[in-house]
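Here is a short report on a protein model.

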Amino acid sequence: MLSPRILVVDDESIVCESCQRILQEEGYEVECTQDGKEAFEKMRANPFDVVITDLKMPGIDGMDVLKILQKDYPETIIIMITGFSTVETAVEAMKLGAFDYIPKPFTPDEVSIVVKKAVEKRNLMLENFYLRQELRDKYGFQNIIGRSKRMQDVYRIIAKVAMTDSTALIFGQSGTGKELIARAIHFNSPRGPRSFVAVDCSSLAETLLESELFGHVRGAFTGAVTAKKGLFEEADSGTCFLDEIGDISLAMQAKLLRVLQEHEIKRVGGTETLKIDVRIVAATNKNLEELVAEKKFREDLFYRLNVVSIHLPSLRERPDDIPLLADHFLRKFAAQNNKPVCRISPEAMDILNRYGWPGNVRELENVIERTATLTSTNLILPEDLPRRLHLEPAQIDMGSLPSRIPLSELEKLYIQKVLEETGGNKKRAADILGIDRRTLYRMANRLGLTIKR
């Protein structure tokens with residue numbers, strides 16, 4: 001690993017020599033200059049990780065160095081050296097972005113401790129930078145797989161909306177990749193370096209959802225022993241993704257509308273109004289226009305959310321993308337597990353193409369990973385695929401049913417069949433049905449079907 005590079009800028013040669021000796025003994029690569037102008041030339045030639053600059057110098061002084069480096073090299077950590085009479089100015093420099101200051105006269109330990117902390121901060125900044133770059137690469141538009149016309153239309157919309165600050169509403173069945181699209185919008189936008197916070201609105205009770213989103217003050221409810229930031233605050237300057245927005249109550253809709261209109265929140269149990277700067281991207285698998293007509297979703301909130309609408313096609317609406325997605329998941333699985341990339345036989349691919357994929361892309365990924373894990377060769381054959389893929393959709397003997405069966409009974413029979421095919425796995429069954437587990441339990445309860453939790 002390369003040693004951190006440090007530049008010392010001070011018009012007194014004894015200070016430069018002292019810092020160089022102390023820091024070289026610590027293993028740092030150190031250069032010195034007694035002139036601010038030369039410091040900029042050295043930075044242009046090969047930027048430094050940390051710059052230690054005297055505050056008072058003839059010509060270009062420490063404050064000038066600070067301001068220019070902050071503008072041109074924001075990733076460089078800057079430490080000020082100051083005499084007793086200029087401590088107040090050093091504090092002012094810290095307010096402008098300097099990391100810390102070292103008072104004259106200084107001891108070797110004082111220099112070592114401050115520089116060590118500065119290098120740790122620099123390393124953390126680099127780690128965050130590379131992590132953000134990995135996330136940007138991972139959620140780049142190139143990683144959204146699909147060449148079908150429907151997906152090309154989606155790409156065009158998200159490429160345009162990413163560069164704006166508009167609220168976006170993503171429509172799509174469960175498993176179509178709504179969160180992937182939301183992340184792609186965020187990480188390819190000016191807000192990309194900031195937080196992306198995802199919330200599944202359907203998985204939380206109303207009171208818990210309010211506390212999660214808005215936070216709470218100490219004593220707001222039983223168990224609130226300390227104040228807690230909400231996810232809107234955590235996402236400040238970034239993006240908050242509200243998944244399954246169609247499941248929130250009318251009371252919660254009113255609170256969310258205020259966030260969108262006023263850009264402010266109040267923590268649960270609190271009276272203070274907090275300003276926030278958050279971009280909202282929402283998603284749903286429901287027809288919100290129908291819910292608006294039924295008075296189950298606020299019309300004003302719908303229009304606030306639906307500034308830009310993105311409609312994700314189901315997998316059966318983009319069959320040409322199935323081979324591309326299957327190959328992508330095979331390569332992804334092989335890379336994660338350090339295994340050779342499997343191929344899919346033409347016969348097995350024909351089965352994948354004919355299957356209806358009610359669980360959409362998520363179900364296809366699950367099938368590919370399962371099959372690649374269990375196959376004994378590098379060629380996936382029809383017999384390697386799950387049994388349900390070989391069956392015709394909704395394999396129910398219609399001839400054995402009464403001629404006038406209620407729709408609710410047909411729903412019940414189909415859910416039972418899917419649960420049988422998945423061995424009682426509720427998550428897989430919900431994915432195949434294109435719903436979440438909570439909806440599966442609600443449907444089962446409505447239909448009088450017993451499912452063990």
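The sections below take these topics in turn.

## Basis of the model

This is a predicted model, in which local features need pLDDT of at least 70 and side-chain atom pairs count only at pLDDT 80 or more, while totals for chains, interfaces and linings use all residues. Residues are numbered from 1 along each chain as its sequence is written, and side-chain values use heavy atoms, with hydrogens and water left out.

Helices (H or I, at least four residues) and strands (E, at least two) are DSSP runs, numbered from the N terminus.

## The sheet with order 2-1-3-4-5

Five strands make an open sheet in the order 2-1-3-4-5, with parallel pairing. Two strands pair if DSSP finds at least two bridges between them. Strand 2 (29-33) and strand 5 (100-103) are the edges, each pairing on one side only. From one strand to the next, the twist averages 20°. Axes here are lines fitted to C-alpha atoms, for helices over the stretch in contact, and angles run from 0 to 180 degrees between N-to-C directions.

Strand 1 (residues 5-9) runs parallel to strand 2, and five bridges join them. L7 stands opposite E31 in strand 2. Helix 1 (residues 13-25) lies across strand 1, strand 2, strand 3 (50-54) and strand 4 (77-82). The direction of helix 1 is at about 175° to strand 2.

## The sheet with order 7-10-13-6-14

Another open sheet has five strands in the order 7-10-13-6-14, and its pairing is parallel. Strand 7 (196-200) and strand 14 each have a single partner strand, so one side of each is left without a neighbour in the sheet. The twist averages 20° from one strand to the next. Strand 7 and strand 10 run parallel, joined by five bridges. The bridge partner of V199 in strand 10 is L242. Helix 7 (residues 178-187) packs on the sheet and touches strand 6, strand 7, strand 10, strand 13 and strand 14. The direction of helix 7 makes about 160° with that of strand 7.

Strand 6 (residues 168-171) is covered on both faces. A168 and I170 are buried on one side, L169 and F171 on the other. Buried means under 20% relative accessible area, exposed over 50%, and partly exposed in between (1.4 Å probe, protein chains only). Four bridges join strand 6 to strand 13 (residues 279-284), in parallel; here L169 stands opposite A282. Four bridges also join strand 6 to strand 14 (residues 308-311), again in parallel. I170 has I310 as its bridge partner in strand 14.

## Nonpolar cores

A nonpolar core is a set of buried Ala, Val, Leu, Ile, Met, Phe, Trp, Tyr and Cys residues joined through side-chain atoms within 4.5 Å. The largest has 38 residues, of which I344, L352, W357, I368, L385 and L389 touch the most other members. Helix 13 (322-337), helix 14 (346-354), helix 15 (360-374), helix 16 (407-421), helix 17 and helix 18 each give two or more residues to this core. Helix 13 supplies the largest share, six residues.

I368 is in contact (heavy atoms within 4.5 Å) with A326, F329, L330, I344 and L352, leaving aside its neighbours within four places in sequence. Apart from this core lies another, of 33 residues, among them L213, L291, F297 and L305.

## Helix 17 against helix 18

The axes of helix 17 (residues 426-433) and helix 18 (residues 437-447) come within 9 Å and cross at roughly 90°. Helix 17 is therefore roughly perpendicular to helix 18. Angles under 35 degrees count as roughly parallel, over 145 as roughly antiparallel, 65 to 115 as roughly perpendicular and the rest as oblique.

K426, K427, A429, A430 and L433 in helix 17 meet R437, L440 and Y441 in helix 18. By class, this contact has five nonpolar, no polar and three charged residues. Ala, Val, Leu, Ile, Met, Phe, Trp, Tyr, Cys and Pro count as nonpolar, Asp, Glu, Lys and Arg as charged, and the others, Gly among them, as polar.

## Backbone details in loops

The peptide bond from K104 to P105 is cis, with omega near -10°. P105 sits in the loop between strand 5 and helix 5 (108-138).

E244 is not a glycine, yet has a positive phi of about 55°. E244 lies in the loop between strand 10 (239-243) and helix 10 (250-262), and is buried at a relative accessible area of 7%. W357, also other than glycine, has a positive phi near 50°. W357 is in the loop between helix 14 and helix 15. At 0% relative accessibility, W357 counts as buried.
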